[in-house]
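Hi everyone, thanks for coming.

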Amino acid sequence: MTRVDGTLARWLGVGSLLALTACTVNLPFSHRLNFNSVTEARKFDARSKGPLSLLWIPKEFPDRTDVQGASGFVGGGSRTRIPTGIGLSQRISEAIDAAVGVNDGAKKRLTITVESAQSTFQYSAGIFNVTPAIDDAGCVFIASFDLDGKKWKQTFTSKRHDPKIGGSSQTALLEKVWDDVALQVAKDVMGHLE
């Protein structure tokens, strides 16, 4: 495909998303850690050091949904509901639970203070896209941690690209990015357990 053809395809792909600029796009996100990630978290095997009670600050973060446009040209004007807080908090909680255990009544407390949580995504271009599909996704999660008085701050990042024209799934790429970040957080927390 020549540069002109590629530009034309991108412009034509915009047509499928022009209708999205006036309304909010609701995509079918899963809020669970995928099976492979749960299996990976179990390998951290810190059950003898747990369980942990988990506290989120701000307390609203686990319910946070952002309404934002895509990071790329296609869909940049759309208003897409991206459940960054829901997707990250549930995955992080599930990864920590798989690794060490989470129990609200546990004596050991882990406080996660969210400094910043940003998800980025781009819609796939193409005139045959009936539904918007994400083909580029990223996440940056910055948090401060307090584990029974042991405090630290860390930045976690993940980026993925789907080379398939039209995208393989509407939401899977961003969900994989959140899975990556959740595993990074769980591994980091396990490294601070005594």
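Helix 3 (residues 84-99) and helix 4 (residues 172-192) have axes that come within 8 Å and cross at roughly 45°. This is a predicted model, where local features need pLDDT of at least 70, side-chain atom pairs count only at pLDDT 80 or more, and totals for chains, interfaces and linings use all residues. Residues are numbered from 1 along each chain as its sequence is written, and side-chain values use heavy atoms, with hydrogens and water left out.

Helices here are DSSP runs of H or I with at least four residues, numbered from the N terminus. Axes are lines fitted to C-alpha atoms over the stretch in contact, with angles from 0 to 180 degrees between N-to-C directions.

So helix 3 and helix 4 are oblique to each other; angles under 35 degrees count as roughly parallel, over 145 as roughly antiparallel, 65 to 115 as roughly perpendicular, and the rest as oblique. Their crossing is right-handed, meaning the near helix is turned clockwise from the far one by less than a right angle.

Who touches whom (heavy atoms within 4.5 Å)? Helix 3 brings residues including Leu88, Arg91 and Ile92, and helix 4 brings, among them, Trp178, Val185 and Met190.

Now for helix 2 (residues 35-42): its axis and that of helix 3 come within 7 Å and cross at roughly 45°. That makes this pair oblique, and helix 2 passes helix 3 in a right-handed crossing. Val38, Ala41 and Arg42 of helix 2 meet Glu94, Ala95, Ala98 and Ala99 of helix 3.

Methods: Helix = DSSP H or I, 4+ residues; strand = E, 2+ residues; numbered from the N terminus. Contact = heavy atoms within 4.5 Å.
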